Structure formats: C-alpha cells, structure tokens
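These are my notebook entries on a structure that I looked through one topic at a time. The sequence and the structure come before the entries.

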Amino acid sequence: MYSPHLNPIEQIWRQMKREIKHHYLESREFLQELTIKTYKESIYETKVHDKWLETFITKVW
C-alpha cells in the first residue's frame with residue numbers, strides 16, 4: 001500500500017515542485033542551485049518534518 005501523505009519526503013517534494021515550477025530554468029546549474037535552495041527552505045524554514053511528526057506519529061503511538 002502506498003500512502004504519500006504518510007511519507008515525509010513526499011511532502012517535501014510537493015513543496016519543492018510548487019516553488020520550482022514558477023522559475024524559468026535557464027541552465028542545469030540554475031536548476032541545481034534552485035533545487036538545493038528550495039530543499040533547504042523546505043526542511044529548515046517550514047519544518048515539514050516537525051509537522052509530519054506531530055500529525056502522524058502521535059496518532060500511531
């Protein structure tokens with residue numbers, strides 16, 4: 001069974017795709033830099049992992 005809402009990386013990918021799709025990808029280097037920047041923002045600024053833990057792990061325990 002596949003449950004993307006239970007997998008934290010799927011939440012991060014969703015956020016990243018939402019951000020990246022608004023940019024014109026002028027080069028491979030630009031895409032790499034944008035991907036790294038967006039990933040870091042998704043992880044550190046939005047704390048998606050904390051939200052996921054609060055939402056799902058507490059229900060399991």
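Entry 1, helix H2. I began with the term itself: a helix here is a DSSP run (H or I) of at least four residues, numbered from the N terminus. The model I examined is a predicted one. I looked up Tyr39 and found its place in helix H2, which covers residues 28-45. Thr38 also has its place in helix H2.

I asked how many salt bridges a search of the whole structure finds. The search finds one. I noted that the side chains of Lys37 and Glu41 meet in it, at 3.1 Å from N to O. In general, side chains of opposite charge can pair when their charged atoms come close. Lys37 and Glu41 are four residues apart in helix H2, so about one helical turn separates them. I recorded Lys37 as partly exposed, at 42% relative accessibility. Glu41 is likewise partly exposed, at 24%.

Is Thr38 buried or exposed? I recorded it as buried, because its relative accessibility is 2% and buried means under 20%. Leaving out residues up to four places away in sequence, I found that Thr38 touches Met16, Glu19 and Ile20.

I asked which residues make the nonpolar surface patch of about 270 Å². They are Ile9, Trp13 and Tyr39.

Notes:
Residues are numbered from 1 along each chain as its sequence is written. This is a predicted model: local features need pLDDT of at least 70, side-chain atom pairs count only at pLDDT 80 or more; totals for chains, interfaces and linings use all residues. Side-chain values use heavy atoms; hydrogens and water are left out. Patches are made of residues with over 30% relative accessible area and no salt bridge: like charges are joined within 9 Å, nonpolar side chains (Val, Leu, Ile, Met, Phe, Trp, Tyr) within 5 Å. Accessible areas come from the Shrake-Rupley method with a 1.4 Å probe; for residues, only the protein chains shown count as cover. A salt bridge is a side-chain nitrogen of Lys or Arg within 4 Å of a carboxyl oxygen of Asp or Glu. Helices (H or I, at least four residues) and strands (E, at least two) are DSSP runs, numbered from the N terminus. Buried means under 20% relative accessible area, exposed over 50%, partly exposed in between (1.4 Å probe, protein chains only). Contact means heavy atoms within 4.5 Å.
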